[in-house]
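Here are my notes on this model. Please read them with the structure open.

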Amino acid sequence: MLTTLGDTREETVHGDAATPRRPGGLQLLVAWCREDPSRVGEVFDVLPGSSCVIGRSSGPDTASLVQRRPGRDEPRPPLTETRLSKRHLELRAVGQQWIEITRHGRNSVIVDGQALAADGSCRVTEGSLLKLANTLLLYVSLRETPSGEGDHAFGEPDEHGIVGECEATWTLRRNLAFVAARRGHVLIRGESGTGKELAARALHHGSSRRQGPFVSRNAATVPETLIDAEVFGNVRNYPNPGMSDRPGLVGAADGGTLFLDEVGELPEALQTHLLRVMDRGEYQRLGESRVRVADLRVVGATNRPLTDLRGDLQARFALKVNLPPLRERPAAIPLILRHIARLRAHEDRELGQRIHDERGEPRIACDFVEALMRNALPANVREVEGLFWEAVAATEPGEPLDSPKKAPPAPSEPASPTRHPSDITETELRETLSINGGNREATWRALRLRSRYQLRRLMQRYGLQDV
């Protein structure tokens with residue numbers, strides 16, 4: 001979840017000198033860069049009460065470009081993109097929620113799909129997308145303060161394969177590291193495609209059981225007639241003649257981790273049997289009278305409400321990890337798309353020749369990145385990968401991967417003038433949420449807010465995150 005800094009001050013290290021990081025405000029994140037894809041994920045700061053310019057200049061009023069890491073900002077060289085003017089865009093912070101932008105550059109500036117006239121001005125806020133001279137795509141987000149530990153290269157996957165440099169991603173890394181070091185069983189909650197097995201593997205590799213086995217099974221794919229034998233094992237020829245002797249998932253995971261995806265799909269009777277395993281490690285293989293003991297940690301995952309689990313099973317999962325959907329960390333989408341393209345090209349040499357440029361970077365069109373960031377992506381990373389393959393199929397070899405025809409349409413802006421969040425009272429917000437059945441997409445449109453991100457911040461202000 002994105003947060004503001006309040007009144008805190010942190011130390012930011014630049015070389016050998018430490019400078020204070022000022023609180024609050026907005027930042028402009030580089031979501032796409034034609035001439036230097038390594039810039040993706042870097043940010044320009046636009047602090048409250050400040051003004052600056054974006055372009056090829058390197059004067060005192062040029063916006064600072066940094067790689068934001070936990071506890072520090074790493075300064076980056078100024079832009080060199082030839083299509084940008086020296087002073088292409090002037091930025092002026094208006095409070096902590098708005099930036100007034102003025103175009104001075106010769107080449108185009110597109111704001112949320114609308115062209116900005118030369119010397120024209122407009123205001124942008126969290127969730128806005130700016131395309132400069134068809135060479136740079138910038139995403140407006142809250143100024144973040146990531147926390148955690150990690151030494152992976154900026155913008156690259158960490159040791160567990162998790163991608164993203166935004167605060168929500170670093171919070172996830174920190175939570176996984178904390179839970180991994182504990183001894184209890186873990187329940188991972190998250191929507192489809194948020195990476196529950198990836199998180200489970202991170203928990204295993206970060207734990208004291210990392211040298212033991214990691215056994216994974218999707219509970220929904222086990223035939224109900226065989227589920228007891230699959231989970232607990234069986235002796236030869238039991239319960240059916242010809243069945244081989246099997247240790248079961250529990251026996252195979254002895255000394256390590258058993259990951260049960262969609263654990264809520266287990267029959268209620270089996271959930272009851274699982275309690276004994278989670279409490280004392282005790283289980284019996286089918287056809288065997290003696291009690292066996294396995295030393296294992298159970299990690300379950302579900303995208304269903306907790307009420308769908310038996311109360312006593314839910315209680316055994318003392319530790320819980322919530323995986324944020326991509327709509328809560330849109331800044332990670334460009335990096336995830338790039339990672340998927342690199343990964344698939346590494347696995348398929350012919351694909352790499354088709355989509356890579358002479359630097360070995362995947363060719364990705366700005367419109368493709370913009371389309372992904374504008375849409376809710378209900379299937380999350382799985383949907384990004386699906387759209388990647390559709391783009392590959394629809395794009396000629398050597399051309400940038402463009403937004404596939406089947407990509408969901410970008411939501412249209414409300415026709416009526418937008419309102420400032422400060423004009424909306426808690427009562428009005430509660431009533432509108434109630435009228436729309438808690439649907440946030442319908443609520444921000446009904447309130448005539450600029451984006452769903454403004455609604456999220458408004459709900460945080462009034463303490464309504466869980467409504």
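1. The largest cavity has a volume of about 90 Å³. Keep in mind that this is a predicted model. Lining the largest cavity are Gln27, Leu29, Gly41, Val43, Arg68, Glu144, Phe154, Glu165, Cys166, Ala331, Ala332 and Leu335. By class, that lining has 7 nonpolar, 2 polar and 3 charged residues.

2. The second largest cavity comes to about 50 Å³. Its lining consists of Gln97, Thr125, Pro421, Gln454, Arg457, Leu458 and Arg461. These residues divide into 2 nonpolar, 3 polar and 2 charged. The model has 3 cavities of 30 Å³ or more.

3. Next, the sheet. Four strands form an open sheet in the order S5-S8-S9-S12, and the pairing is antiparallel. Strands S5 (51-54) and S12 (121-124) are the edges, each pairing on one side only. From one strand to the next, the twist averages 25 degrees.

4. Strand S5 pairs with strand S8 (residues 89-94) in the antiparallel sense, over 4 bridges. Ser51 has Arg92 in S8 as its bridge partner.

5. Now a loop position. Ser208 is found between helix H2 (196-205) and strand S16 (214-218). Is Ser208 buried or exposed? Ser208 counts as exposed because its relative accessibility is 69%, and the cut-off for exposed is over 50%. The C-alpha atoms of Ser208 and Arg182 are separated by 9.0 Å, with the two residues 26 apart along the chain.

Note on methods: Residues numbered from 1 in each chain as written. Predicted model: local features only at pLDDT ≥ 70, side-chain atom pairs only at ≥ 80, totals over all residues. Heavy atoms only, no water. Pairing = 2+ DSSP bridges. Helix = DSSP H or I, 4+ residues; strand = E, 2+ residues; numbered from the N terminus. Axes fitted to C-alpha atoms, helices over the stretch in contact; angles between N-to-C directions. Buried < 20%, exposed > 50% of the residue type's maximum accessible area, 1.4 Å probe, protein only. 1 Å grid on protein atoms, 1.4 Å probe; cavity = no way out; pocket = protein on both sides within 12 Å on 5 of 7 lines; lining within 4 Å. Points joined across faces, edges and corners; volume = space filled by probe spheres on them. Nonpolar A, V, L, I, M, F, W, Y, C, P; charged D, E, K, R; others polar.
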